[in-house]
Amino acid sequence: MPLDWINEAQLKASINNTLSIKQVSALNEFFPVTHSLKYLSSRRHSALFQNYHIETPRVCPICIRDTGYIKEEWRYIGNLKCSIHDVGLIDVCHLCNHKLEWSINLLEGICTNEMCSCSLKSEPLNNALECLFIDEICDCLLADFVYSHPYNTYWPNLSHPNSENLLTATSKGYDLLNCDFKRWIELYDAQSNPFNALAVKFKYFPLYHLAHSLQNEWLFSEQLKKLTASTSSPTKQLFNLSSYVVTAESAMTILGLSKHEIISYSPEAKNKKVIPSRLRINIAPIIKATKVTK
Ligand SMILES: [Zn+2]
Ligand SMILES: [Zn+2]
């Protein structure tokens, strides 16, 4: 145990987001700040998934060769590296890039793709990744998801993170949130963007959606503000738009549509007293009726 103010049960509970009120008040004796732990433990870190443990194998190749078993803590996506060997936890083979599977070979540190069967290897992480906390890791994974599904106007609600390669996805997402914004713009200004000819807030909507869902301050949000200030909408919007599906929550919080507007255009919302935030509605008719002002 690296720290003497937290016992193993408390540590496990805080990692698994299952701290009890009693555990919170015990921790509170050391740090008054943990008043907020109860709130933190129930807080959702990611707009994409609800649980922060992956269901597929992820290992430290050195540990597994030494001990022959898989540690529970490797499932938690907040842990990017092995705390003993300082190398990244891997879920794909470094050589053949196949996703690791549950198999007896894995317990010997061998790639589970039978065509490969190499001895698994992992590298130390770069400094920037090493310092990331769970909130930041979730931000990076979300950025990577949006970049690889750029024209999705709503996101899936997954139970578990399902990145193919968690380390690469985190690292790519980290670069995307800190990088030159051009990479994003190119993607949305491309002819392949089905919403290319719409007003700015609809054309770049997935970017606003991402900025709205990030939990930390990244260069990305700042650059998005600059883009908004310097871009004007086309004077005529695309009129053959038949589908533009968003959740009721993003329609209201990001696109500024009123409850009344949503109900009047969406048959699904009509009979509901409270509009469920994840209800998907097609706002194409609203977009077509919107006069372009900027
Ligand atoms: Zn290890
Ligand atoms: Zn392999």
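User: Why does cysteine 116 count as partly exposed?

Analyst: Cysteine 116 has a relative accessibility of 22%. Buried means under 20% relative accessible area, exposed means over 50%, and partly exposed is what lies in between, using a 1.4 Å probe and protein chains only. The 22% of cysteine 116 therefore makes it partly exposed. A word on the ground rules: this is a predicted model, in which local features need pLDDT of at least 70 and side-chain atom pairs count only at pLDDT 80 or more, while totals for chains, interfaces and linings use all residues. Residues are numbered from 1 along each chain as its sequence is written, chains are lettered from A and ligands numbered from 1 in the order in which they are written, and side-chain values use heavy atoms, with hydrogens and water left out.

User: What makes the arrangement around the zinc ion (ligand 1) tetrahedral?

Analyst: Its four donor atoms subtend angles of 103 to 114°, and that range meets the tetrahedral rule. The protein donors of this zinc ion (ligand 1) are Cys60 (SG), Cys63 (SG), Cys82 (SG) and His85 (ND1), at 2.0 to 2.4 Å. Their spacing in sequence is C-x2-C-x18-C-x2-H. Cysteine 60 lies in the loop between helix 3 (37-42) and helix 4, and histidine 85 in the loop between helix 4 and helix 5, so the pair ties together parts that are 25 residues apart in sequence.

User: Is cysteine 60 buried or exposed, and what does histidine 85 count as?

Analyst: Cysteine 60 is buried, with a relative accessible area of 0%. Histidine 85, at 26% relative accessibility, counts as partly exposed.

User: Which residues does isoleucine 62 touch, not counting residues up to four places away in sequence?

Analyst: Isoleucine 62 touches His85 and Val87 on that count, where contact means heavy atoms within 4.5 Å. Isoleucine 62 lies in helix 4 and is partly exposed at 34% relative accessibility. Its C-alpha atom is 8.8 Å from that of valine 87, 25 residues apart along the chain.

User: Why is the pair of phenylalanine 49 and tyrosine 52 called edge-to-face?

Analyst: The search of the whole structure finds ten aromatic pairs. In the pair you ask about, the ring centres are 6.0 Å apart and the planes stand at 70°, so the pair is edge-to-face. The rule is that rings of Phe, Tyr and Trp (its six-membered ring) pair if their centres lie within 6.5 Å; planes under 30 degrees apart count as stacked, over 60 as edge-to-face and the rest as tilted. Phenylalanine 49 and tyrosine 52 are both buried.

User: Why are the buried residues of helix 8 said to be on the same side?

Analyst: In helix 8 (residues 182-189), Trp184, Ile185, Leu187 and Tyr188 are buried. They cover an arc of only 160° around the axis, which puts them on the same side of helix 8; the arc is that of the directions from the helix axis to the C-beta atoms. The face turned away from this buried side carries the exposed residues Lys182 and Glu186. Helices here (H or I, at least four residues) and strands (E, at least two) are DSSP runs, numbered from the N terminus.

Note on methods
Donors = N, O, S within 2.8 Å, 3.2 Å for Na, K, Ca; no water. Tetrahedral: all angles 85-135°; square planar, octahedral: opposite > 155°, others 65-115°.
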